[in-house]
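Please look through the structure shown here with the following explanation beside it.

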Amino acid sequence: MGQILLQVDDLHTQFFTSRGVVRAVDGVSLHIDAGETLGIVGESGCGKTITALSILRLVPDPGRITAGKIMFRGRDVTKFDDDEIRDFRGNDVAMIFQDPMTSLNPVTKVGFQIEEAMTAHNRFSASLARTRVVELLKRVRVPAAESRVKDYPHQFSGGMRQRAMIAMGLANEPSLLIADEPTTALDVTVQAQIIQLMKQLNRELGTAMMLITHNMALVASLCQRVVVMYAGRIVEEGPVEQIFKSPQHPYTWSLLRSVPRVDEARKDRLVSIHGLPPDLTNPPPGCKFHPRCPFVIDRCKIDEPGLSEVAANQVARCWVLMRNVKDEDVAAAKASALSLDAAKKLKAEAPPEVGTVAGG
Amino acid sequence: MTNLAIYIIRRLLWMIPVLFFVIVITFGLMHLAPGGPWDREGRQLSPQVVNNLNVKYGLDKPLPQQFLTYIWGVVHFDFGDSLKSPGQHVSDRILQSWPYTFTLGAVAFILLVPIGIGLGVIAALRQNSLLDYTALGLATAAASTPNFVVGIFLIIVFALGMNKLTDGNFYFPTGGMPQPFNPFQVELIMPVITLAALPTAYIARLTRSSTLDTLRQDFVRTAWAKGLKSRLVVMRHVLKNSLIPVVTALGPTFAFLITGSFITETLFSIPGIGRAFVTSIAGRDYTMILGTTILFAVLIALVNLVVDVLYVFIDPRVRLTD
């Protein structure tokens, strides 16, 4: 691929809470090439969003980037002064957020909120910014864009608001657009439209995208490369097709098994990942995933594996690797997908959202 | 805009039934209360005199008839004569005393808005700093100190104490308010502080919590992510939202201030309507009680209407219907 646009190097972001230090991002290294689409997947609370917010230095209190480098076009973002970081946000790297219902200011006109993203930087003059707002809304296929610029967010539907957010993100023609769960809050038909739109924009404008999601299907349809995160760490990384075809980390495998597939006859049960993600103030020793891993061996409990190359362009953090797991063990893991009773029990015990299933 | 005009007219018309029920309730409670306007401490008036007075003011008629007579008068803007100040119209007495109260309340309000909001915003933007704790501490102290304590404290320190210290050369006077409608009288300083301390603290605390709440909103993060300057994030995105509930609270606060405070007016011998109202209740001055209550009801209804109309301009999500 092309040249490296963003290189995150051994990033640590920690939250200093009264319960202790939460290691939300714990030594993450990744890179994005110009024009590339990278997916970051994992369960809720695995550090995906904090990684993205760290790149823009928008980590909320009491969080701080404690170590690591974020190199953007050869300059370290973590060393930017106030003015440099301000001009970096929304200009070089823009971000769109999960919930379009709450991400727009309710008392300011949508058009002005997009215009403001341009006037905050020097790329476009004030008058050009005003005319570009309509163009941008047209580009993200908001119908009747000329009159819609004068509307307030509550006059937009959820899908239209997310389009407006994307228009805002693209306003300064950033070289990287970070999208944090951009479709989670939308209903299914609107999701498909937004995905289509993002795909098209990436192709037309050559904007690199970092897509944060727990939705494997979204990654498959949008991304070239995928990074799988668990408990603040990268556990597997590689080209999307390769990862989907032969995931090597049991966590990736479980994530993929937990998504229903329409194109495949339902031979197997959906696998849910037992248990909860670890408490990041006090993560388990060894591999962070071992308490939930169906293929755990003794070594996993003491010794944490490093990321090692498992195939061309594919790395995984695992002592076992899926290709070394015996077929009958895989079959057993599939069959152990919770019985209906057990699932109910678990649901009653755990908070509903994070209880049983990874994403989807 | 025509929508707005229709809305305002409708709201003004709605005030008529509201006022009617205010009068019904006040009239009823007033006559339910034991005693009457002619009761005296010590030696009572002779039954003959009381009877003559009752006849003169129509108090000998059955209550429903008295009520209808009163309503008929109100419809013609005649609020009757004060029972306690013979020969004086209730409307004249109100017009004499209310300007003092209004001046005091308006000055208090004009100072309260920037100080209360300013302290609240600064405290929120510097949350958990020394500045925040100081502002919050002051606000808590002001909110929990009764105004008669504040007033007496001010009198002791700035009137009596300073008078003594400077041999009578420099001190704040306590002698009432020489002129109505003059906001620049040194006599206003202490009553304004006494009256405004509590509502200022209330507004500051409300502003602080509302601003803290808004600072955590997703759209504020969006504003930062755009690369806006912090001044613009605060002005355009935080304050525009966080001050909406503050405006809501400012309406009743203003109504509270311009309807007078018995304690403040008494402490500083201001001939305002708060005092007149309380005195008229104690003296069972029926017409005065009703007249003042009607004024207060009209003021509160008007202030609420102004706040509701302001809402249209500060919050686009609000539509005037009903």
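The paragraphs below lead through this predicted model step by step.

The model is predicted, and local features are therefore described only at pLDDT of at least 70 and side-chain atom pairs only at pLDDT 80 or more, while totals for chains, interfaces and linings use all residues. Residues are numbered from 1 along each chain as its sequence is written, with chains lettered from A and ligands numbered from 1 in the order in which they are written.

The link between β1(A) and β2(A) is a hairpin of 2 residues, and His12(A) stands opposite Asp26(A) in β2(A). β1(A) also pairs with strand β4 (residues 63-72) of chain A, in the antiparallel sense and over 8 bridges, with Asp9(A) opposite Lys69(A) in β4(A).

The domain assignment of chain A, whose bounds come from an automatic or database assignment, gives domain 1 (4-223) and domain 2 (247-349). Their C-alpha centres lie 30 Å apart, and the contact between them takes 12 residues from domain 1 and 6 residues from domain 2, where contact requires C-beta atoms, placed from the backbone, within 7 Å. On the side of domain 1 that touches domain 2, the elements that give two or more residues are β2 (20-33) and α8 (216-222) of chain A, and the largest share, 5 residues, comes from β2(A).

The largest nonpolar core has 134 residues, of which Ala164(A), Ala167(A), Met210(A) and Val228(A) touch the most other members. It draws at least three residues from each of domain 1 and domain 2 of chain A. Such a core is a set of buried Ala, Val, Leu, Ile, Met, Phe, Trp, Tyr and Cys residues joined through C-beta atoms within 7 Å, where buried means that 20 or more other C-beta atoms lie within 10 Å of the residue's own, with exposed set at 12 or fewer and partly exposed in between. A second, separate core of 12 residues includes Ile94(B), Trp98(B), Phe277(B) and Ile289(B).

Between the chains, the contact takes 24 residues from chain A and 18 residues from chain B. On the side of chain A that touches chain B, α2 (82-88) and α3 (110-119) of chain A are the elements that give two or more residues.

Terms used
Contact = placed C-beta atoms within 7 Å. Helix = DSSP H or I, 4+ residues; strand = E, 2+ residues; numbered from the N terminus. Pairing = 2+ DSSP bridges.
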